[in-house]
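Q: Could you walk me through the structure shown below, feature by feature, giving the general idea before each case?

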Amino acid sequence: MGFFVARAPLSPPPLKLLCCDTSQCRRQRHGTLSRGGCLCGAVRITTSGPPLRVGICHCRDCRRHHGALFYAAAIFPTQAVHIEGRPHHYKGRHSCGTCGSSVFAQTGDEIEVHLGSLDDTNGLTPEYEVSCRRREDWLPQFTGTACHDRDRGGD
Ligand SMILES: [Zn+2]
Ligand SMILES: [Zn+2]
């Protein structure tokens with residue numbers, strides 16, 4: 001007679017919250033585990049659970065760091081992000097020492113994972129933009145984002 005050994009699942013089942021289509025609900029539907037990394041693969045990143053928020057920054061520091069006119073990130077609690085590799089860092093901004101890709105930034109107990117670093121960005125739709133006073137005039141308005149001149153909650 002055979003017997004069956006019950007095993008605890010390795011990870012919780014994916015969230016299935018199909019209640020509505022607000023940005024918060026789309027965010028909640030993002031996969032439980034999300035992976036990404038730099039261009040050469042030396043730095044890998046794994047996030048678990050939905051991000052706290054998803055936003056866009058137009059500030060001068062971000063523009064210089066990314067060499068791009070704006071960038072988008074998903075912000076997670078630090079404990080929800082696992083990093084492999086040894087990224088270089090400058091003022092909390094972490095990039096690969098080999099290929100130079102900027103992968104994430106750390107502020108306090110939060111980690112901003114750059115959306116372009118993630119393999120799957122499905123469901124990660126920006127809800128807000130900050131430093132909009134530096135926003136390029138020719139950029140069209142994005143749907144579903146609240147624009148702040150400076151920081152979130154600021155002017
Ligand atoms: Zn790299
Ligand atoms: Zn910025």
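Q: What percentage of the 155 residues in the protein chain is made up of buried residues?
A: A residue is called buried if 20 or more other C-beta atoms lie within 10 Å of its own, exposed if 12 or fewer do, and partly exposed in between, with the C-beta atoms placed from the backbone. Here buried residues account for 30% of the 155 residues in the protein chain. Please keep in mind that this is a predicted model, in which local features need pLDDT of at least 70 and side-chain atom pairs count only at pLDDT 80 or more, while totals for chains, interfaces and linings use all residues. Residues are numbered from 1 along each chain as its sequence is written, and chains are lettered from A and ligands numbered from 1 in the order in which they are written.

Q: How many helices and strands are there in the protein chain?
A: Helices (H or I, at least four residues) and strands (E, at least two) are DSSP runs, numbered from the N terminus. By that reading the protein chain has 2 helices and 11 strands, and along the sequence they follow the pattern α-β-β-β-α-β-β-β-β-β-β-β-β.

Q: In what order do the 3 strands of the antiparallel open sheet stand?
A: Two strands count as paired if DSSP finds at least two bridges between them. The 3 strands stand in the order β1-β2-β5, forming an open sheet with antiparallel pairing. Its edge strands are β1 (33-37) and β5 (81-84), each of which pairs on one side only.

Q: What is the order of the 8 strands in the mixed open sheet?
A: The order is β6-β7-β8-β9-β4-β3-β10-β11, in an open sheet whose pairing is mixed. β6 (88-90) and β11 (146-147) stand at the edges with a single partner strand each, so one side of each is left without a neighbour in the sheet.

Q: How many bridges join strand β3 to strand β4?
A: Strand β3 (residues 53-57) and strand β4 (residues 71-77) run antiparallel and are joined by 5 bridges, with Ile56 standing opposite Ala72 in β4.

Q: How many of the residues in strand β9 are buried?
A: Strand β9 (residues 110-114) is mostly covered, since 4 of its 5 residues are buried. β9 pairs with β4 in the antiparallel sense over 5 bridges, and His114 in β9 is the bridge partner of Ala73. Strand β8 (residues 102-107) is joined to β9 by 4 bridges, also running antiparallel, and here Gln106 has Ile111 in β9 as its bridge partner. β8 and β9 form a hairpin with 2 residues between them, and Gly108 in the turn has a positive phi of about 60 degrees.
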